[in-house]
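Biologist: I would like to learn how to read ring contacts and a DNA surface. Where do we start?

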Number of protein chains: 4
Amino acid sequence: MREQQMLDAAVRIFGQRGYMAASMDEIAELAGVSKPLVYLYLTSKECLFTACIRREAAALTAAVRAGVRPDLPADRQLWDGLRAFFAHTAEHPDGWSVLHLQARTHGEPFAAEVAAMRAEIVAFVTRLVVVAAREAHRDPDLPEREVAGIAEALVGAAESLAAWANATPGVTARQSAATLMNFAWAGLSNLMRGHPWAPPPADS
Amino acid sequence: MREQQMLDAAVRIFGQRGYMAASMDEIAELAGVSKPLVYLYLTSKECLFTACIRREAAALTAAVRAGVRPDLPADRQLWDGLRAFFAHTAEHPDGWSVLHLQARTHGEPFAAEVAAMRAEIVAFVTRLVVVAAREAHRDPDLPEREVAGIAEALVGAAESLAAWANATPGVTARQSAATLMNFAWAGLSNLMRGHPWAPPPADS
Amino acid sequence: MREQQMLDAAVRIFGQRGYMAASMDEIAELAGVSKPLVYLYLTSKECLFTACIRREAAALTAAVRAGVRPDLPADRQLWDGLRAFFAHTAEHPDGWSVLHLQARTHGEPFAAEVAAMRAEIVAFVTRLVVVAAREAHRDPDLPEREVAGIAEALVGAAESLAAWANATPGVTARQSAATLMNFAWAGLSNLMRGHPWAPPPADS
Amino acid sequence: MREQQMLDAAVRIFGQRGYMAASMDEIAELAGVSKPLVYLYLTSKECLFTACIRREAAALTAAVRAGVRPDLPADRQLWDGLRAFFAHTAEHPDGWSVLHLQARTHGEPFAAEVAAMRAEIVAFVTRLVVVAAREAHRDPDLPEREVAGIAEALVGAAESLAAWANATPGVTARQSAATLMNFAWAGLSNLMRGHPWAPPPADS
DNA sequence: TATGAATGAGTTTTCATTCAT
DNA sequence: TATGAATGAAAACTCATTCAT
């Protein structure tokens, strides 16, 4: 459809130039249509950007979802999800730039949009952590906020690794995923087993 | 000095509006001076932004450095550094926005500036990981890229947690640091002990 | 066409205010269009000015060329050319100001543009002088630089007379041309006949 | 005196950059004084420019006057005056640029200033033409406007030659003067002898 | 007398956005 | 449905000019 061409062009331009530096002229030209048509379909620059964010967010979550089989064990689900995530971000650098950099850098309306997607992923990871605890025959007596923080950290680590892998030639999605699993899962399982890291007394 | 007022205002505006959306008019007004004066002291919007990045980067690394005592064990150093990091970013949200979001989103000259600071921090963490391995009586037979990836992930996790903590009321720097230590350090020590997470065979 | 309106306005403003003192605002207003439209058609102030210079130079040379019949004797050609020149500059004082004053006063790119036109005219006059010498059965044993200097002086005299005539009410193109022919042609023919003015000895 | 330094600097900057492109900052810096001092002595940019014009005009007329001895024959006076004129303009290119280009390009107040000087020179030349006619035992039955036009043309030719000589390396003041004398004087004397160039009938 | 510090007003230029067709 | 033509509003930057000392 005509609209998809426009979104393709917009994601490319937004991802490369940034939201503000991107010009509607350039987007229309790259899409091969006239500017008024872009406005007819997508109303305004803000709407167009929002549409880009939504589409790319949907594509990313779909890719991750498609990579995961919910009947497998939690660590395997995490491993599969991470590989799907790293593979997708590597294949769609402009889309990833829109989600990870541009959307968060230009004010509430956009940041909220991407925060929704992020929340979904964090929730998925949180569920995995809880399931893992159950699989380890341990009730998650970790306070909810602690689990949330952990999931947040894990997702943040994944996002950083994605950016790093995109910028470092020769790093594959598989390697990124393995690094993160190594780093994170072992820590998590330690946690599950009741060996948390003990902070020194508060006064220091 | 007058220049500091201007930088204060600029960090605030850049941090909230973003680099491109920030107008020199607004910055000058917030600083309580006239626009030409801003140009007299700071030459151009680019220079002003670069000066902001440098000042905030220096402040952040100084804060972390001041929080760490190099004669203590590696885990204690990491704990102290993280607390200092989370405390500083919580106290200077605009500065953190400039460094973490704005500087990375607006082209090489700025990204390079912040990449230098980040590299310094990643190197610090990498050193801690290696020292930790030594303290655990284990030679770091982890390949160099693996260590780099881990440090990258850890720093990324910290950055994400900082943003999350800034946006989630009631999360203290201490809690963020504890979450991350729990999450990361245990995983690391597992790794040190030679119990990496084993990925499933490649075909799957 | 719309572009012509803009050039008309630009020539008028540039001619009266000067290149630097002319503001794009004023030009757009006089042209009855919005400023962005001027930029759409003519790209920048420099381009606009260059376009003015080219158009006026072309118009002037065309007017002179149209006034001259190459099959007539040299003096008649000069006479006709001068009349055409004075008539055109009198009818287009702003265009003449752009060519004679503004373009030469504002840096190489513009000066070069008008120098090309001037060179064409000087070449035309030079050719007439040589032809006149041949018609007078005299080989032009005048050194080349001498001829060039004479042509230069003649063109300069014409330019000055044009400005003077523009500023002195009641002086017609015909009168200006006659004055210059009287002044110049007689001197030239004297020269041809081998009666140059003899400078006093060098020491004085 | 301090004021002379400032005028020196101003003439240089105005001559090279042009009136509008010249900045008071640059002038003050080149003069080695502070900007407020320039304003103290010379009131405003316009006044400063006017002062430059006046000084350079006075210097040029003084140089020409000093080169001429009123007791010599008219052609000798013209010859001497021209040599002085070409020598002075060659030695003071910035001053000449101010008078010949800048002052005439930036509106009435300045153009009037230089027109006064020019009128003085034209009057001097006109007087020479009249004297020459008398010396040739011929009453100047040339109409006054004709004589004025001739003087105007002669001065214009001189100005053009000066610019040309300044831009053409290797042309000396003496050569320029000789070229112009050859070109003009012979024509003039022809005129005196009652052999004007006869224009073709008006209808053509 | 001399100046460091400061600014109001104006410049060119760009861009999201909309009619008229 | 599609667009060529047009613009209102704003941004970065500069400069002649003036206080306060």
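Modeller: Start with a charge over a ring. The charged end of Lys45(B) sits over the ring of Tyr19(B), 4.9 Å from its centre. The term requires NZ of Lys or CZ of Arg within 6 Å of the ring centre and within 35 degrees of the ring normal. In chain D, Lys45(D) sits over Tyr19(D), with its charged end 4.9 Å from the ring centre.

Modeller: This is a predicted model: local features need pLDDT of at least 70, side-chain atom pairs count only at pLDDT 80 or more, and totals for chains, interfaces and linings use all residues. Residues are numbered from 1 along each chain as its sequence is written, chains are lettered from A and ligands numbered from 1 in the order written, and side-chain values use heavy atoms, without hydrogens and water.

Biologist: How do I read an aromatic pair?

Modeller: A pair of aromatic rings is described by the distance of the centres and the angle of the planes. Rings of Phe, Tyr and Trp (its six-membered ring) pair if their centres lie within 6.5 Å; planes under 30 degrees apart are stacked, over 60 edge-to-face, the rest tilted. The structure holds 28 aromatic pairs over all chains. Phe14(B) and Tyr19(B) have ring centres 5.6 Å apart and planes at 40°, so the pair is tilted.

Biologist: Are Phe85(C) and Phe86(C) buried or exposed?

Modeller: Both are buried (under 20% relative accessible area; exposed is over 50%, partly exposed in between; 1.4 Å probe, protein chains only). Their pair is edge-to-face, 5.4 Å centre to centre with 70° between the planes.

Biologist: Which side chain has an N or O atom 2.7 Å from a phosphate oxygen of DNA strand F?

Modeller: That of Ser34(C).

Notes:
A polar contact is a pair of N or O atoms within 3.5 Å; within protein, one must be able to donate a hydrogen and the other to accept it, and residues adjacent in sequence count only if both atoms are side-chain atoms.
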